[in-house]
Amino acid sequence: FKKTYGDLIDKVRELQPGAVIYIQSILPVTREKSRADAIYNNTKIKEYNDLLLELAREKQVCYLNVQESVGLDNGALPKEASTDGVHLDKPYCLKWLDYLKTHTVV
């Protein structure tokens, strides 16, 4: 995961040397989804986010912790943010969008 993601960053830099590159954290799932799913759960999401943060530091790109935008419920996506426990409803997509609009470096 980390190597493939890093290779992608290197390729973007090769093709667009002046690009400002952002890595976004992976959004959590609801507590219920996390408990019921062996793949899409918040423990694994945290592991991947830790790798993404590490990669952002190594590659000197911007890391956006977009989890902050959804108002976590003890590390989980709030139940009211999604009908399926994974995908954000429109109001939470708008929160995410607002976060992106206010957390750029250029």
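Here is a short walk from the aromatic residues to the nonpolar cores and then to a serine in a loop.

Before clicking, note that this is a predicted model, where local features need pLDDT of at least 70, side-chain atom pairs count only at pLDDT 80 or more, and totals for chains, interfaces and linings use all residues. Residues are numbered from 1 along each chain as its sequence is written, and side-chain values use heavy atoms, with hydrogens and water left out.

**Stop 1: the aromatic rings**

Select F1, Y5 and Y48, which form one aromatic cluster. Rings of Phe, Tyr and Trp (its six-membered ring) pair if their centres lie within 6.5 Å; planes under 30 degrees apart are stacked, over 60 edge-to-face, and the rest tilted. That rule gives two aromatic pairs. In one of them, the ring centres of F1 and Y5 sit 5.8 Å apart with the planes at 65°, so this pair is edge-to-face. F1 also pairs edge-to-face with Y48, at 4.5 Å centre to centre and 80° between planes. This second pair links distant parts of the chain: F1 is in the segment before α1 (2-15), while Y48, 47 residues apart from it, is in helix α3 (residues 42-59). Helices (H or I, at least four residues) and strands (E, at least two) are DSSP runs, numbered from the N terminus.

F1 is partly exposed at 42%, Y5 at 25% and Y48 at 36%.

**Stop 2: the nonpolar cores**

Now pick L27, L64, V66, V70, L77, A81, L88, Y92 and Y99: they make up the largest nonpolar core. Such a core is a set of buried Ala, Val, Leu, Ile, Met, Phe, Trp, Tyr and Cys residues joined through side-chain atoms within 4.5 Å. Apart from it lies another core of seven residues, including L52, L55, A56 and V61.

**Stop 3: a serine in the loop**

Finally, zoom to S82, in the loop between β2 (62-64) and α4. What does the side chain of S82 make a polar contact with? The side chain of D84, at 2.9 Å. A polar contact is a pair of N or O atoms within 3.5 Å; within protein, one must be able to donate a hydrogen and the other to accept it, and residues adjacent in sequence count only if both atoms are side-chain atoms. The backbone oxygen of H87 is 2.7 Å from a polar atom of the S82 side chain. S82 is buried, with a relative accessible area of 8%.

Definitions and conventions. Buried means under 20% relative accessible area, exposed over 50%, partly exposed in between (1.4 Å probe, protein chains only).
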